[in-house]
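Please walk through this structure, from the overall fold down to its helix contacts and aromatic rings.

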Amino acid sequence: MACPLEQALAVMVTTFHKYSGKEGDKYKLSKAELKELLNKELPIFGSKQMDEAEFKRLMNDLDHNKDNEVDFKEYACFLACITMGFNEFFKDSPTKQPRKK
């Protein structure tokens with residue numbers, strides 16, 4: 001059985017490929033595919049939380065090579081940034097448990 005971190009990595013990869021390639025390049029997310037992924041898999045970044053202008057800014061920020069699609073590397077960088085934000089949020093949580101030595 002895979003360890004939790006291995007499972008998390010597998011989910012990250014399979015989620016990307018679940019949405020990529022529905023239109024165009026099967027190894028990239030189009031704007032519509034990214035929007036669907038965010039709405040269904042990361043609702044805190046979905047259209048209910050973000051208007052069209054904000055989504056365009058996000059797409060522009062993610063699309064480093066400016067091909068109007070998000071490839072896996074760009075997607076992984078996005079997830080890494082989100083993860084760092086969650087870490088900062090939970091780092092100062094009052095329910096934080098002391099580390100075991």
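What follows goes from the whole chain to helix pairs and then to ring pairs.

This is a predicted model. The chain has 4 helices and 2 strands. In sequence order they run α-β-α-α-β-α. Along the principal axes, the C-alpha atoms fill a box of roughly 50 × 35 × 25 Å. The chain holds 101 residues, and buried residues make up 27% of them. Now take the contacts between residues at least 6 apart in sequence. Of these, 42% join residues at least 24 apart.

Next come the helix pairs. Two packed helices are described by the angle between their axes and the distance between the axes. Start with helix H1, residues 4-19, and helix H2, residues 31-41. Their axes come within 9 Å. The crossing angle is roughly 130 degrees. An angle from 65 to 115 degrees would count as roughly perpendicular, and one over 145 as roughly antiparallel. H1 and H2 are therefore oblique to each other. The crossing of H1 past H2 is right-handed.

Which residues of H1 and H2 meet? H1 contributes Thr15, Phe16, Lys18 and Tyr19. H2 answers with Glu33, Glu36, Leu37, Lys40 and Glu41. By class, the residues of this contact between H1 and H2 divide into 3 nonpolar, 1 polar and 5 charged.

H2 also packs with helix H3, residues 52-62. Here the axes come within 11 Å and cross at roughly 110 degrees. That angle falls in the 65 to 115 degree range. H2 and H3 are therefore roughly perpendicular to each other. On the H2 side, the contact uses Lys31, Leu34, Lys35 and Leu38. On the H3 side are Glu52, Phe55, Lys56, Leu58, Met59 and Leu62. The residues of the contact of H2 with H3 divide into 6 nonpolar, no polar and 4 charged.

Now the rings. How many aromatic pairs does a search of the whole structure find? The search finds 3. One of them is Phe16 with Phe72. Their ring centres are 5.2 Å apart, and their planes stand at 90 degrees. Planes over 60 degrees apart count as edge-to-face, so this pair is edge-to-face. Phe16 lies in helix H1, while Phe72 lies in helix H4, residues 72-91. The pair therefore ties together parts that are 56 residues apart in sequence.

Is Phe16 buried or exposed? Phe16 is buried, because its relative accessible area is 0%. Phe72 has a relative accessible area of 28%, so Phe72 is partly exposed.

Phe72 has a second ring partner, Tyr75. The ring centres of Phe72 and Tyr75 are 5.6 Å apart. Their planes are at 50 degrees, so the pair is tilted. Phe72 and Tyr75 both lie in helix H4. They are 3 residues apart, about one turn of the helix. Tyr75 has a relative accessible area of 4%, which means that Tyr75 is buried.

Phe16, Phe72 and Tyr75 form one aromatic cluster. Phe16 also takes part in the contact of H1 with H2.

Methods. Residues numbered from 1 in each chain as written. Predicted model: local features only at pLDDT ≥ 70, side-chain atom pairs only at ≥ 80, totals over all residues. Heavy atoms only, no water. Axes fitted to C-alpha atoms, helices over the stretch in contact; angles between N-to-C directions. Parallel < 35°, antiparallel > 145°, perpendicular 65-115°, else oblique. Left-handed = near helix turned anticlockwise from the far one by under 90°. Contact = heavy atoms within 4.5 Å. Nonpolar A, V, L, I, M, F, W, Y, C, P; charged D, E, K, R; others polar. Phe/Tyr/Trp six-rings, centres within 6.5 Å; stacked < 30°, edge-to-face > 60°. Buried < 20%, exposed > 50% of the residue type's maximum accessible area, 1.4 Å probe, protein only.
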